[in-house]
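Subject: Structure handover

Hello,

Here is the structure I promised you. Please open it and keep it on screen while you read my notes below.

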Amino acid sequence: MSLSKNDQQSAPPHAETVLVTAGRDTKAQKGFVNPPVVHGSTVLYPTADDLHAHRGEFQYGRHGTPTTKALQEALMALEGPQCAGVGLAPSGLAAITTTLLAVLKAGDHLLVCDSVYRPSRNFCNGLLAGLGIETTYFDPALGARVSELFKPNTRAVLVEAPGSQSFEMPDIPAIAGVAHARNALVIDDNTWATPLYHRSLEQGVDISMQAATKYIGGHSDIMFGTISANAKAWPLIGEAIRQLGVCAGPEDVFLALRGLRTLAVRLAQHQRSGLAMARWLATRPEVIRVLHPALESDPGHAIWKRDFTGASGLFSIVLRPAPQKAVDALLDTVKLFGMGYSWGGFESLVIPFDCEGYRTATKWAPGGPTLRLHIGLENIDDLKADLERGFSAFNAV
């Protein structure tokens, strides 16, 4: 059964349908479901007049191909009507650095959430500082009180929801209201929830970034970043991408597009398993706290429930005080939880972390050793049994 044109206008497709259909042009693809992987640099022009006018849908491989166009159109549809354009980058960090270089210049001031991704912080303290751009870090719990930190030259606010590793929930609409009143842009690292579960552009964010290496790719086999922007910010992003020569390889673009098609079913399973594991871990005697905003007990739960439509499989736990040898025994015992510095793939992961050395606006004192867990697509009973073995080793030490 097909919908009429009027029905389609009155009932826009749900996100799951958008993920499957957006950016697809089977007629242009000679009937094939997926676009070809276009390996190309040079684009030929039929006439001198076309060449002089740079006339044509595609002008040079670095600026886009049919493959990149398909992914960008699909991502724009997922981001929603506030999205004016999507840029593609060769990694999540490249998306972050490109964005900051696009909106800041020497003499500007940047506000950054204290719980931001550590490489983002390193970039602010390193290259941006060298360019004469000042960064001030703020407590993610400030909300509208971040206004006290604004300066006449504050140009942007960078947030991450929830915070990297520690999962604090900043009040993005409140921060956006303050920032826009002062003509500053709001930038959000939206990797944890993706636009499927958090349409941050609809909540006052001007630029939403993702490490598509994670859930968009979904299979731990690509490095990729995306930059989505509203009409106000997109000209800055588009020009920066062009001038910096930022582009992603064709194979990675194709794999990101393929991963996007199954994002809804994968992320739903990550959410189910993640919450089930988080609730189980909250009952364990070895765990004194679970850091997961979708749990009712979490301090950021009210903001998460208001602003998000779902959660992913990434969260952290605080273990009861124990020597490092006990934590290492746990890590060396588990088998299904691999140790690796990424997440968002089909596999479960665990890493120890300590934020104390790189927090400046807040004090990191969780009360015990901390582990970040990514819950993959394995059976949760098997994952629980794996962690039970790890806890036995932890307790033995």
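Predicted model: local features only at pLDDT ≥ 70, side-chain atom pairs only at ≥ 80, totals over all residues.

In strand 3, Thr135 is the bridge partner of Leu110.

**Strands 2 and 3**

Strand 2 (residues 109-113) and strand 3 run parallel, and 5 bridges join them. Helix 6 (residues 118-130) belongs with these strands: strand 2, helix 6 and strand 3 make a β-α-β unit, and the unit is right-handed. How many residues of strand 3 are buried? The count is 4 of the 5 in residues 134-138, so strand 3 is largely enclosed by the rest of the structure.

**The whole chain**

Now zoom out. The chain has 14 helices and 11 strands. Its radius of gyration is 22 Å, close to the 21 Å that the globule rule gives for 397 residues, so the chain is as compact as a globular protein of that length. Along the principal axes, the C-alpha atoms fill a box of roughly 75 × 55 × 40 Å. Of the 397 residues, 53% are buried. Next, look at contacts between residues at least 6 apart in sequence: 74% of these join residues at least 24 apart. The accessible surface is about 17,500 Å². Carbon and sulfur atoms account for 55% of that surface.

Helix 11 covers residues 263-281, which makes 19 residues. From first C-alpha to last it reaches 26 Å, close to the 27 Å expected at 1.5 Å a residue. Is helix 11 mostly covered or mostly uncovered? Mostly covered: 14 of its 19 residues are buried. As a general rule, an α-helix has 3.6 residues a turn, so residues three or four places apart point the same way.

Then find Val20, in helix 2 (residues 15-21). Val20 is partly exposed, with a relative accessible area of 39%. Val20 and Ala264 are 244 residues apart in sequence, yet their C-alpha atoms are 9.4 Å apart in space.

**Pro321**

Where is Pro321? It lies in the loop between strand 9 (314-319) and helix 13 (324-333). Its relative accessible area is 60%; exposed means over 50%, so Pro321 counts as exposed. Leaving aside neighbours within four places in sequence, Pro321 is in contact with Gly367, Gly368 and Pro369. Val86 is another matter. Pro321 and Val86 are 235 residues apart along the chain, and 45 Å separates their C-alpha atoms.

**Backbone features to check**

Keep one rule in mind here. Most peptide bonds are trans, and most residues other than glycine have a negative phi.

- Ala161 and Pro162 are joined by a cis peptide bond, with omega about -5 degrees. Pro162 sits in the loop between strand 4 (154-160) and helix 7 (172-181).
- Gln165 is also placed in the loop between strand 4 and helix 7. Its phi is positive, near 75 degrees, though it is not a glycine. With a relative accessible area of 14%, Gln165 is buried, because buried means under 20%.
- His54 has a positive phi too, about 50 degrees, and is not a glycine. Look for His54 in the loop between helix 3 (48-52) and helix 4 (66-79).

Best wishes

Terms used:
Residues numbered from 1 in each chain as written. Heavy atoms only, no water. Helix = DSSP H or I, 4+ residues; strand = E, 2+ residues; numbered from the N terminus. Expected span 1.5 Å × (residues − 1). Buried < 20%, exposed > 50% of the residue type's maximum accessible area, 1.4 Å probe, protein only. Pairing = 2+ DSSP bridges. Right-handed = clockwise from strand over helix to strand, strands pointing away. Contact = heavy atoms within 4.5 Å. Rg over C-alpha atoms; globule rule 2.2 N^0.38 Å. Areas by Shrake-Rupley, 256 points an atom, 1.4 Å probe, with all protein chains shown as cover.
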